[in-house]
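Biologist: I would like to go through the labels attached to this model. For each one, please give the value and the cut-off behind it.

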Amino acid sequence: SPKLTYKMSDKWDWTSVLTWAEMQTDPLADQGKNPSKNLGFELDSGFTFKPTEKILWVNEIGLLFPGAAFEGGSLGYGKNFSYGFTSKAAISF
């Protein structure tokens with residue numbers, strides 16, 4: 001997963017990570033099925049605000065694009081786009 005960190009100023013950082021996944025082996029080979037091994041990819045991006053040495057605030061968003069391995073099947077998993085957002089703060093004493 002390549003990661004890019006850009007220091008925008010003394011107080012602001014931007015980080016972005018791209019992750020792609022594929023299965024190495026076929027879990028259904030013994031059943032005579034040949035599903036896709038593509039699990040998809042995820043893009044995570046976040047901003048970090050550090051107004052002082054003892055205060056840190058991080059906001060991140062993750063965008064998930066499931067691959068063809070999730071299509072169909074008996075469990076009915078969807079291949080729809082999804083996302084998540086996190087916000088966290090830390091104060092050091």
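Biologist: Why does K50 count as partly exposed?

Modeller: The model is predicted, and its values are computed. K50 has a relative accessibility of 33%.

Biologist: What makes the contact between K50 and E53 a salt bridge?

Modeller: The distance from N to O between the two side chains is 3.9 Å. The cut-off is a Lys or Arg side-chain nitrogen within 4 Å of a carboxyl oxygen of Asp or Glu, and therefore the pair K50 and E53 qualifies. A search of the whole structure finds one salt bridge.

Biologist: Which backbone atom lies 3.5 Å from a polar atom of the S16 side chain?

Modeller: That atom is the backbone oxygen of D44. A polar contact is a pair of N or O atoms within 3.5 Å, and the distance given here is 3.5 Å.

Biologist: L18 also lies in strand β2. What makes L18 partly exposed?

Modeller: Its relative accessible area is 41%. This lies between the limits of 20% and 50%, so L18 is partly exposed.

Biologist: Which residues make the nonpolar surface patch?

Modeller: The patch is made by L18, W20, F41, L43, I61, F65, F81, Y83 and F85, and covers about 940 Å². Patch members need over 30% relative accessible area; L18, at 41%, therefore passes that limit. The elements giving two or more residues to the patch are β2 (12–22), β3 (38–52), β4 (55–66) and β5 (82–91).

Biologist: How do you know that β1 and β2 pair?

Modeller: Pairing takes at least two bridges, and five join β1 to β2, so these strands pair; they run antiparallel. K3, for instance, has V17 in β2 as its bridge partner. A hairpin of four residues joins β1 to β2.

Biologist: In what order do the strands form the sheet?

Modeller: Five strands form an open sheet, ordered β1-β2-β3-β4-β5, with antiparallel pairing.

Biologist: What makes β1 and β5 edge strands?

Modeller: Each of β1 (3–7) and β5 pairs on one side only. Neighbouring strands of the sheet are turned by 10° against each other on average, direction ignored.

Technical notes: Residues numbered from 1 in each chain as written. Predicted model: local features only at pLDDT ≥ 70, side-chain atom pairs only at ≥ 80, totals over all residues. Heavy atoms only, no water. Patch = residues over 30% accessible without salt bridge, like charges linked within 9 Å, V, L, I, M, F, W, Y side chains within 5 Å. Areas by Shrake-Rupley, 256 points an atom, 1.4 Å probe, with all protein chains shown as cover. Buried < 20%, exposed > 50% of the residue type's maximum accessible area, 1.4 Å probe, protein only. Axes fitted to C-alpha atoms, helices over the stretch in contact; angles between N-to-C directions. Polar contact = N/O pair within 3.5 Å; in protein donor to acceptor, adjacent residues only side chain to side chain.
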